[in-house]
2 protein chains.
Amino acid sequence: MTDRTRQRLSAADRRAQLIEVGRTVFAERGFDGTAVEEIAERAGISKPVVYEHFGGKEGLYAVIVDREMELVIETISSAISEGLPRERVDAATLAFLVYVRDHPDGFAILSHDAPSNSGYASLLAEVGDRVGKIFATEFKRAGYDPKAAPIYAQALIGMVSFVGQWWTDDRSRSIEDVASHLSALCWMGLRHLPKKPTKLKK
Amino acid sequence: MTDRTRQRLSAADRRAQLIEVGRTVFAERGFDGTAVEEIAERAGISKPVVYEHFGGKEGLYAVIVDREMELVIETISSAISEGLPRERVDAATLAFLVYVRDHPDGFAILSHDAPSNSGYASLLAEVGDRVGKIFATEFKRAGYDPKAAPIYAQALIGMVSFVGQWWTDDRSRSIEDVASHLSALCWMGLRHLPKKPTKLKK
DNA sequence: TCCGTAACCTACTACTCCGTAACTTACGCA
DNA sequence: TGCGTAAGTTACGGAGTAGTAGGTTACGGA
């Protein structure tokens, strides 16, 4: 993997490569199941190099998680930042599923269990937390109880991420199809579920 | 734990005790993080006894998971088995949250990652699978595309379980309160969200 | 062309933990 | 009361792996 006659890389390049390789391996095996040795091997180097750059297994993991978290939050935030409410729901749902499709490794890491000392049971719970804060502002403006915002944020993140995981293992349906069903459920609820959800534009 | 002067137990009693102790430890530490030794220690016996009864770590885990899975499926199934559609949604939501409250260890096990060889990324995905089959039948009867049923089943399970996990760490709101918000979201959608969801009758 | 340093390696320590072999103890039945 | 067997124990093999000590190589500037 990126092994052209055991080329020496600059510190910055090696660091970037290790982050990428690490993301792949952590996604495949989870934190506990990953051996630092394997990351090193796949990067075409030996173990101490990893320790040189990141201090240890958790150091590398932390960097990877942090980057991925920012990416997701940014993706969701920008999707719900403008438009009519219904459009925001559509956009956010589709954006999240697109993230799942285009960054399967990062999504796997966020979905899987975090190492026990990290404070959060699931990394996605923190995403829900951050989205909850955004919701609270909107709720206040719309006259709803902002205290209830976290419930809805967690609910929607849980819904979309769970379906995303399911879709990862069974891609028989198109991403737009899944997204339109999901946002129909979010917006109209089971009560007014359309027989055939309207296709989303884009 | 259940250690009254190192009492000898019958095979059946010891087995039952180990299942209970194992559930606690697996919930606390996850599958990988759990040492068979610790289960034995907490049960007041030595390691080989566990191997005697369950063949190994995975054997015990399998029994625990299987029992918990059946319990959840049964809980959900019976909650959605009768009543008006809206009532079914209410009942299922509340029932699931009550399960989360009353069986925190079992819920933790179902939520956490399964050992990689188990075929399912998350045990809850299998719950979603089973609920999806039930939904498909209902969908067909109501004139909806039964192919879409899995999406909705995964979505609802994901939503409720994710909120359940969140609620486990922050119990400042009553279970009925959370349930009523959730089922309002499921049923009416964000579009017709009531300012104050109606309290569910017990 | 020579050398300082950044990049990298080999080889190890120290530990955890699954699973098993071989042995011991106590309960209850004839 | 003595003994057969179920219940339980100690002690170890062996695999895997985080992290480190100390040495080696090659790139690039003077």
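**Ground rules.** I'm working from a predicted model, where local features need pLDDT of at least 70, side-chain atom pairs count only at pLDDT 80 or more, and totals for chains, interfaces and linings use all residues. Residues are numbered from 1 along each chain as its sequence is written, while chains are lettered from A and ligands numbered from 1 in the order in which they are written.

**Chain A.** I found nine helices and zero strands in chain A (DSSP runs, H or I of at least four residues for helices and E of at least two for strands, numbered from the N terminus). Its C-alpha atoms fill a box of roughly 60 × 35 × 25 Å along the principal axes. Of its 202 residues, 40% count as buried (20 or more other C-beta atoms within 10 Å of a residue's own, with C-beta atoms placed from the backbone).

**Chain A against chain B.** I looked up the contact next (C-beta atoms, placed from the backbone, within 7 Å). It takes 38 residues from chain A and 38 residues from chain B. On the chain A side, α8(A) gives the most, with 13 residues. I also noted the classes on that side: 20 nonpolar, 13 polar and five charged (Ala, Val, Leu, Ile, Met, Phe, Trp, Tyr, Cys and Pro are nonpolar, Asp, Glu, Lys and Arg charged, the others, Gly among them, polar).

**DNA strand D.** Helices α2 (36-42) and α3 (47-54) of chain A, plus α1 (11-33) and α3 (47-54) of chain B, each supply at least two residues.

Key
Two residues are in contact if their C-beta atoms, placed from the backbone, lie within 7 Å. A residue is buried if 20 or more other C-beta atoms lie within 10 Å of its own, exposed if 12 or fewer, and partly exposed in between; C-beta atoms are placed from the backbone.
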